Amino acid sequence: MTTLLLHGGATDPAAPVSRAGGLPLVPEGFVWPLCAECEGAMQFIAHLDRGAVVVSVFMCQNEPGLCQEWDPAAGGNRAYVFPAEGLLPATAPAEGETRLDEVSVLTARRVAAGTYGEEDTFGPVDGKDVLGQLGGEPYWLQWDETPDCADCGKEMGFVAQLDRVANFGGGYAYAFVCDGCRRAAFLWQC
Ligand SMILES: [Zn+2]
Ligand SMILES: [Zn+2]
């Protein structure tokens with residue numbers, strides 16, 4: 001089985017559902033991440049619901065292509081794991097490319113076996129574009145770039161792959177977590 005993420009239509013910017021775009025739902029005291037390269041405010045990319053926790057993904061789009069925003073460790077992107085309880089929408093900074101133009105629900109849909117990403121494997125499903133996959137095995141465009149946790153050093157677990165929802169250079173983006181350390185990582189390949 002493969003769990004696809006389908007374009008489930010538009011929604012409220014602060015909806016507590018898996019989505020691309022809108023506003024991040026964050027714990028008290030959250031500080032919007034700045035890019036290590038250009039020092040601008042990052043763009044909020046996606047809110048991924050994992051039940052007891054959410055994964056929240058950001059990357060810099062102030063100087064597309066110049067901030068190593070594809071790299072899991074260069075500081076041009078940022079991903080967080082937050083306990084799901086008590087999160088509130090963050091306020092986006094006034095300056096910088098902080099929001100996507102659209103808010104798109106990511107609807108999980110289990111489908112029969114098939115390797116997500118292989119050419120022509122998944123066209124639209126029920127007329128809905130496939131915007132990624134949830135869990136399963138990452139479909140790498142280049143080499144296997146599964147990151148190790150920066151805290152414990154263990155290989156991180158694959159959460160989701162995203163396509164088209166933001167500027168991934170025409171490629172795919174990948175989110176990972178270390179559940180033990182509550183640390184997340186993000187990268188993309190094209
Ligand atoms: Zn930057
Ligand atoms: Zn860890």
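Start with the lining of the largest pocket: 11 nonpolar residues, 2 polar and 4 charged. The classes are simple: Ala, Val, Leu, Ile, Met, Phe, Trp, Tyr, Cys and Pro count as nonpolar, Asp, Glu, Lys and Arg as charged, and the others, Gly among them, as polar. A word on the source: this is a predicted model, where local features need pLDDT of at least 70 and side-chain atom pairs count only at pLDDT 80 or more, while totals for chains, interfaces and linings use all residues. Residues are numbered from 1 along each chain as its sequence is written, chains are lettered from A and ligands numbered from 1 in the order in which they are written, and side-chain values use heavy atoms, with hydrogens and water left out.

Back to that pocket. A pocket here is an open set of points on a 1 Å grid over the protein atoms alone, with protein on both sides within 12 Å along at least five of seven lines; lining residues have an atom within 4 Å of a point. The volume is about 330 Å³. Volume means the space filled by probe spheres set on the points, with grid points joined across faces, edges and corners. In total, 17 residues line the largest pocket. Nearest its centre are Arg-78, Ala-79, Arg-183, Ala-184 and Ala-185.

Which strands each supply at least two residues of that lining? They are β6 and β12, the latter spanning 183–189. The largest share, 5 residues, belongs to β6. Strands are DSSP E runs of at least two residues, numbered from the N terminus.

Stay with β6. Of its 7 residues, 5 are buried, so β6 is largely enclosed by the rest of the structure. Buried means under 20% relative accessible area, exposed over 50%, partly exposed in between, with a 1.4 Å probe and protein chains only. β6 runs antiparallel to β5, and 7 bridges join the two. Pairing requires that DSSP finds at least two bridges between two strands.

Next, the second largest pocket. About 160 Å³ of space lies there. Its lining includes His-7, Ala-20, Leu-100, Asp-101 and Arg-164. By class, that lining has 4 nonpolar, 2 polar and 3 charged residues.

Now the metals. For four donors, tetrahedral requires all angles to lie between 85 and 135 degrees. Distant parts of the chain are linked here: Cys-35 sits in the loop between β3 and β4, Cys-60 in the loop between β5 and β6, 25 residues apart. Cys-35 and Cys-60 are buried.

On to the zinc ion that is ligand 2. Its donors are SG of Cys-149, Cys-152, Cys-178 and Cys-181, at 2.3 to 2.4 Å. The arrangement is tetrahedral because the 4 donor atoms subtend angles of 106 to 113 degrees. The spacing reads C-x2-C-x25-C-x2-C. Again the link joins distant parts of the chain: Cys-149 lies in the loop between β9 and β10, Cys-178 in strand β11, 29 residues apart. Cys-149 and Cys-178 are both buried.

Between those two comes β10. Here 6 of the 7 residues are buried, so β10 is largely enclosed by the rest of the structure. β10 runs antiparallel to β9, joined by 3 bridges. Gln-133 has Gln-161 of β10 as its bridge partner. β10 also runs antiparallel to β11, with 6 bridges. There, Leu-162 has Ala-173 of β11 as its bridge partner.

Glu-39 has a positive phi of about 70 degrees, although it is not a glycine. Glu-39 is in the loop between β3 and β4 and is exposed, at 62% relative accessibility. Asp-126, also not a glycine, has a positive phi near 50 degrees. Is Asp-126 buried or exposed? Asp-126 counts as exposed, at 59% relative accessibility.

Methods: Helices (H or I, at least four residues) and strands (E, at least two) are DSSP runs, numbered from the N terminus. On a 1 Å grid over the protein atoms alone, a cavity is a set of points where a 1.4 Å probe fits but cannot get out, and a pocket is an open set with protein on both sides within 12 Å along at least five of seven lines; lining residues have an atom within 4 Å of a point. Donors are N, O and S atoms within 2.8 Å of the metal (3.2 Å for Na, K and Ca); water is not among the atoms, so sites may look incomplete. Four donors count as tetrahedral if all angles lie between 85 and 135 degrees; four count as square planar and six as octahedral if opposite donors are over 155 degrees apart and all others between 65 and 115; anything else is irregular.
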